[in-house]
Amino acid sequence: MGKDPLPDEEIALRLAELPGWAREGDMITRTFEIRYHGGVALIVNVADVERLVGHQADIDLRWDHMRFAITTHDAGHRLTAADFDLAARIDRLAAAHQTQPHNS
């Protein structure tokens, strides 16, 4: 997956294809409602995918929700196609774990 920084216009288009994700500077983030132990299970599944694609998200797990933040560190902490690919994969895994959008 490409790790060249994307222009702002393409970032906006890709974000439009990923409801629930938001841009925060040079990263994209999403928070899901999930109980702690379900979140641990989701983290294990996400980690397996991350290992396969060679790209990792920052994950913050709390007792009733978890937050993912994604940027490409080796592209100078910029957004790349790899970030949006990982976000889509996380969405599919989160749906399988029956998460809900979190109202932060």
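A hairpin of three residues joins strand E3 to strand E4. E3 (residues 58-61) and E4 pair in the antiparallel sense over four bridges; strands count as paired if DSSP finds at least two bridges between them. Isoleucine 59 stands opposite phenylalanine 68 in E4. Helices (H or I, at least four residues) and strands (E, at least two) are DSSP runs, numbered from the N terminus.

This is a predicted model: local features need pLDDT of at least 70, side-chain atom pairs count only at pLDDT 80 or more, and totals for chains, interfaces and linings use all residues. Residues are numbered from 1 along each chain as its sequence is written, and side-chain values use heavy atoms, with hydrogens and water left out.

**Aromatic pair**
- There is one aromatic pair. Rings of Phe, Tyr and Trp (its six-membered ring) pair if their centres lie within 6.5 Å; planes under 30 degrees apart count as stacked, over 60 as edge-to-face and the rest as tilted.
- The ring centres of phenylalanine 32 and phenylalanine 68 are 6.0 Å apart and their planes meet at 80°, so the pair is edge-to-face.
- Phenylalanine 32 sits in strand E2 (residues 27-33) and phenylalanine 68 in E4 (residues 65-70), so the pair links parts of the chain 36 residues apart.
- Both phenylalanines are buried (under 20% relative accessible area; exposed is over 50%, partly exposed in between; 1.4 Å probe, protein chains only).

**Helices H2 and H3**
- H2 (residues 36-53) and H3 (residues 81-96) pack at about 150°, with axes 10 Å apart. Axes are lines fitted to C-alpha atoms, for helices over the stretch in contact, and angles run from 0 to 180 degrees between N-to-C directions.
- From H2, Leu42, Asn45, Val46, Val49, Glu50 and Val53 meet Asp85, Leu86, Arg89, Ile90, Leu93 and Ala94 of H3. Contact means heavy atoms within 4.5 Å.

**Two residues of H3**
- Aspartate 83 lies in H3. The residue is buried, at 0% relative accessible area.
- Aspartate 83 touches Ile28, His55, Ile70, Thr71, Thr72 and Arg78, leaving aside residues up to four places away in sequence.
- Aspartate 83 and alanine 69 are 14 residues apart in sequence, and their C-alpha atoms are 9.4 Å apart.
- Isoleucine 90 is also found in H3. Its relative accessibility is 1%, so it counts as buried.
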